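Please keep the sequence and the structure in view while reading.

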Amino acid sequence: MLISTINNIVCKCALGRKYGEASVGNFKELARKVMIYLTTFVVGDYFPSLSWIDVLSGKIGKIKDTFQALDGFFDQVIEERLALKKMENNQLKKKVFVDILLQLQEDGMLGFEFSNNDIKGLLMVFSLLSLSFCFIYNFTS
């Protein structure tokens, strides 16, 4: 129940709506997989000459597939927020984290190119850091 609640809060604050089991982009499941893969022992990290073992075991393929799915999920979120902004004539009632990042990208006042990949990276860090506290709590209690 705690994990579900934190997932809902993080999704509402960062992405603008809840992404649970019933949604098309199952953020909760993707985040769980990412947390597992971030803590998985990968031989190539410690012994680079033996990284072929990870490829052969299928770990690298699973990790790449999961991160590509997460990348696609964040692309979908960005597209949804841009479409919502167009529907409401550039005046969203409540801005969330992704809206602020998109506004920074649109204004171009940062002094460097701020691409969608940068936005997706920040969303990933924000979302996964928030959820990692939940998983840590879940495993330690």
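Which residue just after H5 takes a positive phi? Asparagine 89 does, with a phi of about 55°. The model is a predicted one, in which local features need pLDDT of at least 70 and side-chain atom pairs count only at pLDDT 80 or more, while totals for chains, interfaces and linings use all residues. Residues are numbered from 1 along each chain as its sequence is written, and side-chain values use heavy atoms, with hydrogens and water left out.

**The chain as a whole**

- The secondary structure consists of seven helices and zero strands; helices (H or I, at least four residues) and strands (E, at least two) are DSSP runs, numbered from the N terminus.
- Along the sequence, the pattern therefore reads α-α-α-α-α-α-α, given this definition of the elements.
- Of the 141 residues in the chain, 31% are buried; buried means under 20% relative accessible area, exposed means over 50%, and partly exposed lies in between (1.4 Å probe, protein chains only).
- The chain exposes about 9,100 Å², and carbon and sulfur atoms supply 62% of this area; accessible areas come from the Shrake-Rupley method with a 1.4 Å probe, and for residues only the protein chains shown count as cover.
- Among contacts between residues at least 6 apart in sequence, 60% join residues at least 24 apart; a contact means heavy atoms within 4.5 Å.

**Helix H5**

- Helix H5 covers residues 59-87.
- The 29 residues of H5 should span 42 Å at 1.5 Å a residue, and the end C-alpha atoms are 42 Å apart, which agrees; the expected span of a helix is 1.5 Å times one less than its number of residues.
- The buried residues of H5 are Ile63, Thr66, Leu70, Phe73, Phe74, Val77, Ile78, Arg81 and Lys85.

- Aspartate 71 and lysine 120 form a salt bridge through their side chains, at 2.9 Å from N to O.
- This pair links distant parts of the chain, since aspartate 71 is in helix H5 and lysine 120 is in helix H7 (residues 116-140), 49 residues apart.
- Lysine 120 also forms a salt bridge with aspartate 75, where the closest N and O atoms are 2.9 Å apart.
- Here too distant parts of the chain are linked, with lysine 120 in helix H7 and aspartate 75 in helix H5, 45 residues apart.
- Lysine 120 is buried, at 7% relative accessible area, whereas aspartate 71 is partly exposed at 31% and aspartate 75 is partly exposed at 27%.
- Not counting residues up to four places away in sequence, lysine 120 touches Asp71, Phe74, Asp75 and Ile78.

**Asparagine 117, a polar partner of lysine 120**

- Asparagine 117 is placed in helix H7 and counts as exposed, at 54% relative accessibility.
- The side chains of asparagine 117 and lysine 120 are joined by a polar contact of 3.2 Å; a polar contact is a pair of N or O atoms within 3.5 Å, and within protein one must be able to donate a hydrogen and the other to accept it, while residues adjacent in sequence count only if both atoms are side-chain atoms.
- A polar contact of 2.9 Å likewise joins the side chains of lysine 120 and aspartate 71.
- Asparagine 117 and aspartate 75 are 42 residues apart along the chain, and their C-alpha atoms are separated by 9.0 Å.

**The pair arginine 81 and aspartate 99**

- The side chains of arginine 81 and aspartate 99 meet in a salt bridge of 2.5 Å, N to O.
- Arginine 81 lies in helix H5 and aspartate 99 in helix H6 (residues 97-107), so the pair ties together parts that are 18 residues apart in sequence.
- Arginine 81 and aspartate 99 are both buried.

**A nonpolar surface patch**

- Phe41, Tyr46, Phe47, Leu50, Trp52, Ile53 and Leu56 form a nonpolar patch on the surface, with about 780 Å² of accessible area together.
- Patches are made of residues with over 30% relative accessible area and no salt bridge; like charges are joined within 9 Å, and nonpolar side chains (Val, Leu, Ile, Met, Phe, Trp, Tyr) within 5 Å.
- Helix H4 (residues 52-57) provides the largest share of the patch, three residues, and tryptophan 52 lies in this helix.

Terms used: Salt bridge = Lys/Arg side-chain N within 4 Å of Asp/Glu carboxyl O.
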